[in-house]
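Please examine the sequence and the three-dimensional structure shown below. The briefing that follows is arranged by topic.

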Amino acid sequence: MATHQFPKNSMHLDQNPEAALGGFGKDFDDDGREKRTGTWVTASAHIITAVIGSGVLSLAWTIAQLGWVVGPAVLVAFSFITYFTSTMLADCYRAPDPVTGKRNYTYMDVVKAHLGGTKFKLCGLAQYGNLVGISIGYTITASISMVAVKKSNCYHKNGHQADCTVSGVPYMLLFSAMQVLLSQIPNFHKLSWLSILAAVMSFAYASIGVGLSIAKVASGENGQTSLTGIDVSGQEKVFRAFRAIGDIAFAYAYSTVLVEIQDTLRSSPPENKAMKRATFVGISTTSLFYILCGCVGYAAFGNNAPGNFLTGFGFYEPFWLIDFANICIAVHLVGAYQVFCQPVYGFVEKWCSTRWPESKFITTEHIIKLPFNGEYPLSYFRLIWRTAYVIVTTVIAMIFPFFNAFLALLGATSFWPLTVYFPVEMYIARTKLPRFSFTWIWLKILSWACLVISLMAAAGSIQSLAHEVKKYKPFQVEI
């Protein structure tokens, strides 16, 4: 087993590769790192994996809160907003020039290069806090999908009124065991196959959900719908609408991993051009599924649409198809977990290597040969710390089964700065846009409008969180 120690200042080869590695520059990019091989196709798969979560199946509920007029309009509006701000962020990967400038490997690096000051620290707090929260939330959601398979078989065998209560804890442990293994994938660049698999799974369960909804509408068993949505008391209607708008806004957001995805792209064609193409494909595909699931699901269930019409048993039959769809959700979340936690892994490992550059435990990799997989760089530090991360997020998920309600609040507070504010401010700084010019004014209006939406969503999330806390039962995840 051979060993390799990283240069003292980095977990990567940031020096001149010609000098550092004996002239094999053709195997390295202009920054000295291993040559990137990603394309707009793999980037699109990463985006779809990150954006289309099992939450797509809850969009019927959000449309039910807003109605036929506002619901679809909000879906379309946020698809445009997310695409627009994502293209601005893609141009910031290199600085000062978007094609020939110095690479920035993380969102924090991008903000530091363009805005300086202490804003990049606030960016890091919002980004990594959100990523850790998503890891916990996905652990809960994956266990719910796996539990749904067991409950579906129970209902099929014993009837729809049977008591089929199942604990989610064993399934959380199963999900976490898979994540411990997959977390040993060294970095984002090696995740393409997993993202493609996860993207296929998301297409599968979303298509099943749409197909079952269409069948329900065709059978004439569809629920009652309206132009303004569900009819509840004034205060409840307001909070539900706030939460629904927030859910739609967050459903499109993937800025927390956009820069890391862009850092996997090869340099020809220029990364910003390839990333914009991937963004268009990813957001267009996502929008299509969102509109189908939201609108067709609302047409099928009406104002009584469940929070998730697969795990929430909007459908019971055919049970085997429901089982397959829920398995697809779980497999998708296995891949999505890695897409969102790899930036956390990279950040901590880079910080540790900079903080303790002399530590061989942190900087040394042991090259081992794996059957059918060639050489694998084993790092004892990476093995221990990543395993600990998965264990901690799992324990939190088991203790706080209502964490998804808290995650909605976390998403509300991070949506505006990460998806809108920083991309807009960096665009203004990069292009030296004159204050009070036409473009400057409408960009500021967009930013402030999205801030208001974030505050509205936060209010709705707090109300929902308070309701969930009242039902708090630790170590119980039941559907």
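Is I140 buried or exposed? The model is predicted, and in it I140 has a relative accessible area of 1%, so I140 is buried, the cut-off for this class being under 20%. I140 belongs to helix 5.

**Aromatic pairs and clusters**

- The count of aromatic pairs comes to 19.
- In one of these, the ring centres of Y138 and F340 are 5.8 Å apart and the planes stand at 85°, so this pair is edge-to-face, since angles over 60 degrees fall in that class.
- The pair connects distant parts of the chain, because Y138 is in helix 5 (residues 119–158) and F340 is in helix 11 (residues 319–355), 202 residues apart.
- Y138 and F340 are both buried.
- F436 and W440 form a tilted aromatic pair, with 4.9 Å from centre to centre and 55° between the planes.
- F436 has a relative accessibility of 59% and therefore counts as exposed, whereas W440, at 11%, counts as buried.
- One aromatic cluster is formed by Y107, W416, Y421 and F422.

**Charges over rings**

- The charged end of R33 is placed over the ring of Y105, at 3.4 Å from the ring centre.
- The charged end of R277 is likewise over a ring, that of W40, at 4.0 Å from its centre.

**Helix packing around helix 11**

- Two packed helices are described by the angle between their axes and the distance between those axes.
- Helix 6 (residues 169–182) packs with helix 11 at an angle of about 40°, and the axes are 10 Å apart.
- This angle makes helix 6 oblique to helix 11, and the crossing of the two is right-handed.
- On the helix 6 side, F175, M178, Q179 and L182 take part in the contact, and they meet A330, L333, V334, Y337 and Q338 of helix 11.
- Helix 7 (residues 192–218) also packs with helix 11: the axes come within 8 Å and cross at roughly 145°.
- The crossing of helix 7 and helix 11 is left-handed.
- Residues of helix 7 in this contact include L194, L197, M201 and Y205, and those of helix 11 include L321, F324, C328 and H332.

**A buried threonine**

- T256 lies in helix 9 (residues 255–262).
- With a relative accessibility of 5%, T256 counts as buried.
- Leaving aside residues up to four places away in sequence, T256 touches Q127, N130, L131, F340 and L418.

**Backbone features**

- Most residues other than glycine have a negative phi, and most peptide bonds are trans.
- The peptide bond between A95 and P96 is cis, with omega about 0°; P96 is in the loop between strand 2 (94–95) and strand 3 (102–103).
- S268 and P269 are also joined by a cis peptide bond, with omega near 0°, and P269 is in the loop between helix 9 and helix 10 (271–301).
- K432 is not a glycine, yet K432 has a positive phi of about 50°.
- K432 is in the loop between helix 14 (403–431) and helix 15 (438–470), and its relative accessible area of 69% makes K432 exposed.
- F436 likewise has a positive phi, of about 70°, although F436 is not a glycine; F436 is in the loop between helix 14 and helix 15.

Definitions and conventions. Residues are numbered from 1 along each chain as its sequence is written. This is a predicted model: local features need pLDDT of at least 70, side-chain atom pairs count only at pLDDT 80 or more; totals for chains, interfaces and linings use all residues. Side-chain values use heavy atoms; hydrogens and water are left out. Rings of Phe, Tyr and Trp (its six-membered ring) pair if their centres lie within 6.5 Å; planes under 30 degrees apart count as stacked, over 60 as edge-to-face and the rest as tilted. Helices (H or I, at least four residues) and strands (E, at least two) are DSSP runs, numbered from the N terminus. Buried means under 20% relative accessible area, exposed over 50%, partly exposed in between (1.4 Å probe, protein chains only). A charge sits over a ring if NZ of Lys or CZ of Arg is within 6 Å of the ring centre and within 35 degrees of the ring normal. Axes are lines fitted to C-alpha atoms, for helices over the stretch in contact, and angles run from 0 to 180 degrees between N-to-C directions. Angles under 35 degrees count as roughly parallel, over 145 as roughly antiparallel, 65 to 115 as roughly perpendicular and the rest as oblique. A crossing is left-handed if the near helix is turned anticlockwise from the far one by less than a right angle, and right-handed if clockwise. Contact means heavy atoms within 4.5 Å.
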